[in-house]
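Open the model in your viewer and keep the selection tool ready. The tour moves from cavities to a disulfide and then to an annotated domain.

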Amino acid sequence: MRTKFTCLLFFIFFTFFLSESHAQQSWFKLDTVTVLSSGGKALLNPWAGGLNASQITKMDLNGDGTEDLVVFERTSGDLSTFLASTDPTNAQKKVYLHAPSYEYLFPKIDNWLILNDYNGDGLKDLFTYTALGITVYKQVKNGSTWSWQLAKDALYTDGLSGNVNLQVSSQDIPGITDIDGDGDLDVITFDYSGVYIELHQNMSIERYGIPDSLVYKRNGVCWGNFHKGDGEDFVLGEDCGVVGNPDANRILHQGNSIMLHDLDGDGKKDLLVGHISNDHMSFLKNTGENLIASFSSFTHIYPPAEPIVFYIFPSAYYEDVDFDGVKDLIAAPNVSNNDGNLMDFKSSNWYYHNAGTSENANFKLVQKNFLQDQMLDVGENATPSFYDIDGDGDLDMIVGTGGTRDGNNFRGQLWLLKNTGTKQAPAFEISSDNYLNIPAVLDMYNLKTQWADFNGDGVPDLGFAGTTIKGLEYRYIPNKGGLNEPAQLNVADMLTITMPVESQITDYPYFYDTDGDGDLDLVVGKPQGNISYYQNTGTNKLPVLSLVTETFAGITLNYEGRNVQLSVADVDLDGKPDLVTVDFSGKLKIFHSADWGKWTQRESLLIDHNGLGTDPLFGGYLYATVADYNGDGKPDVAIGNSTGGIRLLQNILPISITPVEPPVEQSVKVYPNPAGEYIKVLSTENASLTVFNVAGQAIQSNIMVRANVEKEIVTAKWTPGLYVFELQTSRSRITKKIVIR
């Protein structure tokens, strides 16, 4: 007979099952529509992924004649695309909406990205870093579609030593613009001492009369008649020897960014320079010409009102971001990590509206979190997990963070995103950015969250790893609420799990009962790319973690796949647990279609793009968790990243889920644990009980346990230690570990 409870249970029926069919189709699609609100207002781009050290440029992505935003993220190596669109709530307003489908079209970007048209065809081309200097991709259009075609794997320049690589330091951002006004793109970049700017003049027009050849010649020993001084200042009046028609000159770092544009309306291109050791941008005024420039004065206070100030290494970008046709100023740190944990990565995109013209600027600071205010951005190192916090039947989200500066402390925090929608139509609301108020005295940051039954009472608890001055530590907060009830979490009840002595601060620990004995074992993603597996030979409350292998599932040391993080779930619903991993390659992988640890199938072409499975890059430091957040019965994935954001992936495997009569659930309880004078055993089915000691010897056997009748076993004379209770029913074998005190 059906009951109301029956309708909540599901039987999985596959319209397909063979693992080969999985490889021919997509498993997930990027979710950009699930609502996330802050302060009661829905965010435009909630799952765009967060931003730390953004490099902002523009190009027409969708061919509508309006330029859109392309944002390269220095800390993660991730790239995001945003279409210039109409505000969904206000037809009179233009906004930028996250459009991830265009991200698939870009090549892998390292360190910096500049878009500019080098061949004069009206289409912006792509310049980026390579160990050889500068790589160039040409934009090619085919009807309404476009793509990138490698034009130069490296640029070369003529100098004193002959034709050599036009080098740019990995820390720098060069200037790539038409300096001499002849229609081709020149390059200015700091030399490897970080002291002088070099001018590499594009000779395409001079030699061939067209701008598309990308042939360069070093002009002068330096450029701009200045060089950096010993401190923050500049030494002016240098004779750089730049000439109108250069002959070959000598080719001559520690970190500089360059923005070149006429900012004061005198027709001469000025410089905005950021330096890796400075917290400010320096404005250098050009009183010479454009090719033969001469910078005669400088200031570190720019713009004059509310100047740019970051903890370290600011950079500037000049694009019209407010749709008024005038270029605005965006400032962001040009850093690869949060050195010293002194950067506020929740507010690292400073937007200055230009109330003047593009060539005679008047900058007004509007906000310090441009784009960030319309997405989930917890700062850095977001680690999502799901649990029904309020017991209302749908999943809420807990997000661990890298940390926030609190006086002299840097402490990790938990964000709570409550599901204010329904199980099938989730709508999240940022309820708290300091859930449970994790104490600053723990001095713990980079919190990595997981819900699991750590104390063996049948209810998931909130666990989190974190970095401290002692190294990696693991804590959990016991959940004193019952199943399907609101969570009851009290930080005062927090307990510590002793981690293996060889643990590293960049480990990704994941607790899972791998052997089905009722306690949690440990699987660890390592910074070197391998996965270690520890079996728990103790109990949940008193775990003893013994190393079994450092190459679990055949995953060995792997430089490209370093910083591997894992989760376990039956993603394809074939009744077997799958291993879900992310790593420094930026790719999501799933090991599937076999028993635990014996996987031979490894799928990475998982994300749908125009009907095909693809493997987009999600960044360098990732954290993936699996949960059915939209209530359709199929496990979805949420990927947190180093830039403080989350990407949601909705499971689209063609699996039909049909409600049927539920099977009788089998349950076995053995308690108390630890025990003293007696043990009680309760089973929902008739069972035969055998008790083994730690040496594997059966000390009692063929003990009959009747269904739903409590069986008491006297243990007062047993030697204190670990015992294994094995119950054999008509359907299965169940083991429980018990400690006798």
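Which residues line the largest cavity? This is a predicted model, so treat each stop as a feature of the prediction. Select Phe454, Ile497, Phe511, Leu520, Asn536, Asn540, Pro543 and Leu545: they form the lining. The space inside comes to about 50 Å³. By class, 6 of the lining residues are nonpolar and 2 are polar, with no charged residues.

Now select cysteine 222 and cysteine 240. Their sulfur atoms sit 1.8 Å apart and form a disulfide. The count for the model is 1 disulfide. Check the torsion about the S-S bond: it is about -95 degrees, so the disulfide is left-handed. Cysteine 222 is in the loop between β18 (216-218) and β19 (226-228), and cysteine 240 is in the loop between β20 (234-236) and β21 (256-261), so the pair ties together parts 18 residues apart in sequence. Colour by accessibility. Cysteine 222 is buried, at 1% relative accessibility. Cysteine 240 is buried too, with a relative accessible area of 1%.

Last stop: select residues 670-740. An unreviewed UniProt entry annotates them as "domain: Secretion system C-terminal sorting". This stretch is 59% strand and 0% helix. Its end C-alpha atoms are 12 Å apart.

Notes. Residues are numbered from 1 along each chain as its sequence is written. This is a predicted model: local features need pLDDT of at least 70, side-chain atom pairs count only at pLDDT 80 or more; totals for chains, interfaces and linings use all residues. Side-chain values use heavy atoms; hydrogens and water are left out. A disulfide is a pair of cysteine sulfur atoms within 2.5 Å. Helices (H or I, at least four residues) and strands (E, at least two) are DSSP runs, numbered from the N terminus. Buried means under 20% relative accessible area, exposed over 50%, partly exposed in between (1.4 Å probe, protein chains only). UniProt positions are given in the numbering used here, feature names are shortened, and annotations may be inferred rather than shown by experiment. On a 1 Å grid over the protein atoms alone, a cavity is a set of points where a 1.4 Å probe fits but cannot get out, and a pocket is an open set with protein on both sides within 12 Å along at least five of seven lines; lining residues have an atom within 4 Å of a point. Grid points are joined across faces, edges and corners, and a volume is the space filled by probe spheres set on the points. Ala, Val, Leu, Ile, Met, Phe, Trp, Tyr, Cys and Pro count as nonpolar, Asp, Glu, Lys and Arg as charged, and the others, Gly among them, as polar.
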